[in-house]
Amino acid sequence: MLSQKTRYTIRAMQHLADHYGEGPVPLVDIADTQNIPAKFLTVILSELARFGLVDSQRGREGGYWLAIAPIDITYGDLLRTISGSLALVPCASRFAHETCKNCLPETECRVRALMLQVRDATAQLLDGVRLSDPIALAPASEDETMMHPDSPSSLDIEA
Ligand code: SF4
């Protein structure tokens, strides 16, 4: 799963993309609209500035804006920049490859073989969506089904 920090970061970037070309966006606007704790957002925005994704201006009229046009930022690139990888396991990462403790030989590991397919499918999807693209919201009923305590789960499959 994406970490809380990664989710905040994506929401902050989406907010800045929504206001691209309108001048500096005050931190408090991003924090209020996106429901991100201001202190945490300050850290996130300085990291984004270090990555070259965000510029800022201090002062009363100050704020933050995207350093790159939202049409030139894909969700794939954004996630690779802020999380290091799209892979669910480090040995399936193209750019941040690592092995875990007590590793099997990679060519004999079915977990890795499967996660390589997950990584490729994820990259294919996320590299095709840009920060400027509209994203259709998930229907409420789907969320309710997923969160409902009586909804089928993996435990039901075993029953
Ligand atoms: S055990 Fe499998 S999944 Fe874990 S690091 Fe080794 S190859 Fe990757």
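Which residues are around the ligand? Select V89, C91, T99, C100, C103, L104, E106, C109, V111 and R112; a residue counts as near if its C-beta atom, placed from the backbone, lies within 6 Å of the molecule. Numbering starts from 1 along each chain as its sequence is written. This is a predicted model: local features need pLDDT of at least 70, side-chain atom pairs count only at pLDDT 80 or more, and totals for chains, interfaces and linings use all residues.

Color that shell by class and you get seven nonpolar, one polar and two charged residues. (Ala, Val, Leu, Ile, Met, Phe, Trp, Tyr, Cys and Pro count as nonpolar, Asp, Glu, Lys and Arg as charged, and the others, Gly among them, as polar.)

Next, pick helix α1 (residues 4–18) and helix α3 (residues 38–50): they pack at about 70°, axes 10 Å apart. That makes α1 roughly perpendicular to α3, a label for angles of 65 to 115 degrees. Axes here are lines fitted to C-alpha atoms over the stretch in contact, and angles run from 0 to 180 degrees between N-to-C directions. Helices are DSSP runs (H or I, at least four residues), and strands are too (E, at least two), numbered from the N terminus.

Show K5, Y8, T9 and A12 on α1, then F40, L41, I44, L45 and L48 on α3, to see who makes the contact; contact means C-beta atoms, placed from the backbone, within 7 Å.

Last stop: strands β1 (residues 54–57) and β2 (residues 63–66), an antiparallel pair with four bridges; pairing takes at least two DSSP bridges. Look for S56 opposite Y64 and V54 opposite L66.

Notes. Angles under 35 degrees count as roughly parallel, over 145 as roughly antiparallel, 65 to 115 as roughly perpendicular and the rest as oblique. Two residues are in contact if their C-beta atoms, placed from the backbone, lie within 7 Å.
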